[in-house]
Amino acid sequence: MGGIIGALKKKGFSTYSHENNIIVAPPLIITETELRDAMAIMDEVLADVDAMI
């Protein structure tokens, strides 16, 4: 889990985890573009993790 959180933060996705959960808590004011960009980062990192398995 630490590796996933580290990879997300390295790409600019601000998050944290608790046990086996990734906490996604965007700011109260966020544009659709910012949200889509953040989810693209999440998708990229999780795809990288899947490729390792």
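The model is predicted, so local features need pLDDT of at least 70, side-chain atom pairs count only at pLDDT 80 or more, and totals for chains, interfaces and linings use all residues. Residues are numbered from 1 along each chain as its sequence is written, and side-chain values use heavy atoms, with hydrogens and water left out. The protein chain has 2 helices and 2 strands, and from the N terminus on they run α-β-β-α.

**Overall picture**

- Helices (H or I, at least four residues) and strands (E, at least two) are DSSP runs, numbered from the N terminus.
- Helix α1 spans 2-10 and helix α2 spans 32-52, while strand β1 covers 16-18 and strand β2 covers 21-23.
- Taken along the principal axes, the C-alpha atoms of the protein chain fill a box of roughly 35 × 20 × 15 Å.
- The C-alpha atoms of L28 and V49 are separated by 29 Å, and these two residues are 21 residues apart along the chain.
- Of the contacts (heavy atoms within 4.5 Å) in the protein chain with a separation of 6 or more, 38% are between residues 24 or more positions apart.

**Confidence**

- pLDDT is the predictor's confidence in each residue, from 0 to 100.
- The protein chain averages a pLDDT of 92, and 100% of the residues score at least 70.
- Confidence is highest in α2, at a mean of 94, and lowest in β1, at 90.

**Inside the protein**

- A residue is called buried under 20% relative accessible area, exposed over 50%, and partly exposed in between (1.4 Å probe, protein chains only).
- By that count, 17% of the 53 residues of the protein chain are buried.
- A nonpolar core is a set of buried Ala, Val, Leu, Ile, Met, Phe, Trp, Tyr and Cys residues joined through side-chain atoms within 4.5 Å.
- The largest such core has 8 residues in all: I4, I5, L8, F13, A38, I41, M42 and V45.
- Both α1 and α2 supply at least two residues of this core, and α2 gives the most, with 4 residues.
- T15 sits in the loop between α1 and β1, yet it is buried, with a relative accessible area of 6%.
- Leaving aside neighbours within four places in sequence, T15 is in contact with I5, L8, K9, I22, I23 and V24.

**The surface**

- The accessible surface of the protein chain comes to about 4,200 Å², of which 58% belongs to carbon and sulfur atoms; accessible areas come from the Shrake-Rupley method with a 1.4 Å probe, and for residues only the protein chains shown count as cover.
- Patches are made of residues with over 30% relative accessible area and no salt bridge; like charges are joined within 9 Å, and nonpolar side chains (Val, Leu, Ile, Met, Phe, Trp, Tyr) within 5 Å.
- V24, I30, L35 and M39 make a nonpolar surface patch of about 290 Å².
- L28, in the loop between β2 and α2, counts as exposed at 88% relative accessibility.

**Salt bridges**

- A salt bridge is a side-chain nitrogen of Lys or Arg within 4 Å of a carboxyl oxygen of Asp or Glu, and the whole structure holds 2 of them.
- One joins the side chains of K11 and E44 (2.8 Å, N to O).
- This pair links distant parts of the chain, with K11 in the loop between α1 and β1 and E44 in helix α2, 33 residues apart.
- K11 is partly exposed at a relative accessible area of 37%, and E44 is partly exposed at 39%.
- Another joins the side chains of R36 and E32 (2.8 Å, N to O).
- R36 and E32 both lie in helix α2, 4 residues apart, which is about one turn of the helix, and both are exposed.

**A backbone detail**

- Most residues other than glycine have a negative phi.
- E19 has a phi near 55 degrees, a positive value in a residue other than glycine.
- E19 lies in the loop between β1 and β2 and counts as exposed, at 65% relative accessibility.
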